[in-house]
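This report describes selected features of a protein structure, with attention to its sheet and to the packing of its helices. The sequence and the structure are shown first.

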Amino acid sequence: MNIYLLAVVFCLLFLGITVELIRRQKMAERYAIIWLLLGVLMLVFSVFPSLLDRVSALLHIYYAPSFLFFIGLTFSMVIILHLTIVVTRLNRQVTRLIQELALLKAQNKEETSDDRPAHRTG
Amino acid sequence: MRLLVIIPAYNEEKSIGDVLRSVHHHHPEMDIVVVNDGSRDQTSAVARTTGLAHVIDLPVNVGIGGAVQTGYLYAHRHGYDVAIQLDADGQHDPSNLDKIVDVIRRGEADCCVGSRFLEKTPYKSSLSRRAGIQFFTYLIQLVTGKRITDPTSGFRAVNRQVIRLFAEYYPDDYPEVEAVVLLERKGYRVKEASVLMHNRAAGKSSITPIKSLYYMFKVSLAVLMTRIRNVS
């Protein structure tokens, strides 16, 4: 088995795992798109290795494999950036949820057990 | 006019009781809400036992910003005219409440911050803390043109409009400075009134030396971002 075939098999495996994760609903489609994109891109370069040389030449990259590193790094950065945005949003949502829950529980408690401050009448 | 005192509390069982009694003693007309931010001690029970405050228990610790905002949500939904933020550790003296509330009552400002440095008071703080606060005073002056002598003070009173704004958005951690800049940016009037602050009655300050570097960077970044953000 040569390295080109290995690369193709690896990419297909990668895509297969991604699709399987979406199928099992372990990964939401909206987050999976970027992974699928990366998988397809890798597959294209694996099936047509000469493409890498041509694109590299076009971009004046003298050592073609470094273009691969560039793609990998770029995708990693974009995915991590995206995740940070998601975490920020989740954090905000969870905080609001906790606040609403606490307010509701406090209201419920005061209504049922008349746990109101003594000096208040209304 | 209905007034609400918001007291965020995290592990303050030693001081919360006295603070509540003191607020009630000086201002029996004010309602009090204690937002217990997931304390691991008896803060909630102690506050309830006094019978002087509504107690809201956050099921987990969300941080000071989220806790204070819970108080503003409460104030907004129950239609209060003025909300006052007061620390649970006994630093803020309820006998000074009128100084900041009167400014709001008279309609002179939308937010009034209780300042340790506006006039000379017996309050003593470390040189590094003083320098840190000075830095934020300059930073705020730089981005808003307004001079706030004690922007880190959590002793403040706000009116109805600001209650609504804070119920919707409030900075998450170390929120005091950013909140002032946000108000200035949105065109609200921020004023200061001189107050006396005590050194902490019990417990530890939330800002340890290790955290202070993060604090300076985070707050500075937040202030600059608030300046260039489209706020209206």
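Strand β1 (residues 3-9) of chain B runs parallel to strand β4 (residues 82-85) of chain B, and four bridges join the two. Within this pairing, I6(B) has Q85(B) in β4(B) as its bridge partner. The model is a predicted one, and the values below are computed from it.

Both strands belong to an open sheet of seven strands in chain B, with the order β3-β2-β1-β4-β6-β5-β7 and mixed pairing. From one strand to the next, the twist averages 20 degrees.

| Helix pair | Axis separation | Angle |
|---|---|---|
| α1 (residues 16-26) and α2 (residues 43-50), chain B | 9 Å apart | about 30 degrees |
| α6 (residues 160-168) and α7 (residues 176-185), chain B | within 12 Å | roughly 120 degrees |

For the pair α1(B) and α2(B), the axes pack at an angle of about 30 degrees. Angles under 35 degrees count as roughly parallel, and α1(B) is therefore roughly parallel to α2(B). The crossing of α1(B) past α2(B) is right-handed. On the α1(B) side, the contact involves I16(B), G17(B), L20(B) and R21(B), which meet T43(B), V46(B), A47(B) and T50(B) in α2(B). By class, the residues of this contact between α1(B) and α2(B) comprise four nonpolar, three polar and one charged.

For the pair α6(B) and α7(B), the axes cross at roughly 120 degrees. That angle makes α6(B) oblique to α7(B). Here too the crossing is described by its hand: α6(B) passes α7(B) in a right-handed crossing. V162(B), L165(B) and F166(B) of α6(B) make the contact with A179(B), L182(B) and L183(B) of α7(B). The residues of the contact of α6(B) with α7(B) divide into six nonpolar, no polar and no charged.

A further residue of interest lies in another helix. Y215(B) is located in helix α8 (residues 209-228) of chain B. Is Y215(B) buried or exposed? Its relative accessibility is 8%, and Y215(B) therefore counts as buried, the cut-off for buried being under 20%. Between Y215(B) and I148(B), the separation is 67 residues in sequence and 18 Å in space, C-alpha to C-alpha.

Conventions. Residues are numbered from 1 along each chain as its sequence is written. Chains are lettered from A and ligands numbered from 1 in the order in which they are written. This is a predicted model: local features need pLDDT of at least 70, side-chain atom pairs count only at pLDDT 80 or more; totals for chains, interfaces and linings use all residues. Side-chain values use heavy atoms; hydrogens and water are left out. Two strands pair if DSSP finds at least two bridges between them. Axes are lines fitted to C-alpha atoms, for helices over the stretch in contact, and angles run from 0 to 180 degrees between N-to-C directions. Angles under 35 degrees count as roughly parallel, over 145 as roughly antiparallel, 65 to 115 as roughly perpendicular and the rest as oblique. A crossing is left-handed if the near helix is turned anticlockwise from the far one by less than a right angle, and right-handed if clockwise. Contact means heavy atoms within 4.5 Å. Ala, Val, Leu, Ile, Met, Phe, Trp, Tyr, Cys and Pro count as nonpolar, Asp, Glu, Lys and Arg as charged, and the others, Gly among them, as polar. Buried means under 20% relative accessible area, exposed over 50%, partly exposed in between (1.4 Å probe, protein chains only).
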